[in-house]
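Please examine the sequence and the structure shown below. The briefing that follows treats charge, surface, fold and confidence in turn.

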Amino acid sequence: MAPMSSNNVTGYTPAQKQQLLNLARTAIQKRLQGESFTVPTWDYPASLRVPRASFVTLHVDAQLHGCIGTLEARRPLVEDVAHNARAAAFEDPRFPALTASEFERLHIHISVLGTPEPMQFESEEGLLRQLRPHVDGLILEAGPHRGTFLPAVWDELPVPHDFLCHLKRKAGLPADYWSRDLRVRRYTVESIP
């Protein structure tokens, strides 16, 4: 198993985690109120201004209501979180847009992604042996097909073979798909809260 890179997510303080949660909630609330919102990036600590990729997952009454994110770090974390919070609330095509009445029952979860690292393997069995349940998020790519599962998906699919098969399906491939051109990258996340 390859060692994890030093580019992976390092711990945020409880205060910084709360800042990110408050920011996500504010971005959603402003959109509900019909107000524009620009993240005051320089009001946040330097560690939250570093470019990072993130996912924002929303639950209303313990039911999934949206999950949107980015896989590559292209903008400051605070901007990425605000953007993904709004997108999860209003643009996830699997769910209707969040309403004002649902806002009070909204639970926000943020996953800050570490840098994805390519995995080396010669067979599906070799890949499966390297997977770390409840630790690894995976990005699977084959030609134009691409899909990702956050580490939280291990809670629903704790068996590595099942995790991989469902990820293939999510990417638009058959569950038994195998090719030497299959590319897999793994990443870790810092979960907030």
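The protein chain carries 21 positive and 22 negative charges, and their mean positions lie 3 Å apart. Lys and Arg count as positive and Asp and Glu as negative, while His and the chain ends are not counted; each charge is placed at NZ of Lys, CZ of Arg, CG of Asp or CD of Glu. This is a predicted model, in which local features need pLDDT of at least 70 and side-chain atom pairs count only at pLDDT 80 or more, whereas totals for chains, interfaces and linings use all residues. Residues are numbered from 1 along each chain as its sequence is written, and side-chain values use heavy atoms, without hydrogens and water.

**Surface and burial**
- About 9800 Å² of the protein chain is accessible surface (Shrake-Rupley method, 1.4 Å probe), and 53% of this area belongs to carbon and sulfur atoms.
- Of the 193 residues, 49% are buried, meaning under 20% relative accessible area (1.4 Å probe, protein chains only).

**Fold**
- The protein chain contains six helices and eight strands, which are DSSP runs (helices: H or I, at least four residues; strands: E, at least two) numbered from the N terminus.
- From the N terminus, the order is α-α-β-β-α-α-β-β-α-β-β-α-β-β.
- Along the principal axes, the C-alpha atoms fill a box of roughly 50 × 35 × 25 Å.

**Confidence**
- The mean pLDDT (the predictor's confidence in each residue, from 0 to 100) is 94 for the protein chain, and 95% of the residues score at least 70.
- Residues 1-7 have pLDDT below 50; beyond near neighbours in sequence, this stretch has 13 contacts in the model (heavy atoms within 4.5 Å).

Notes: Buried means under 20% relative accessible area, exposed over 50%, partly exposed in between (1.4 Å probe, protein chains only).
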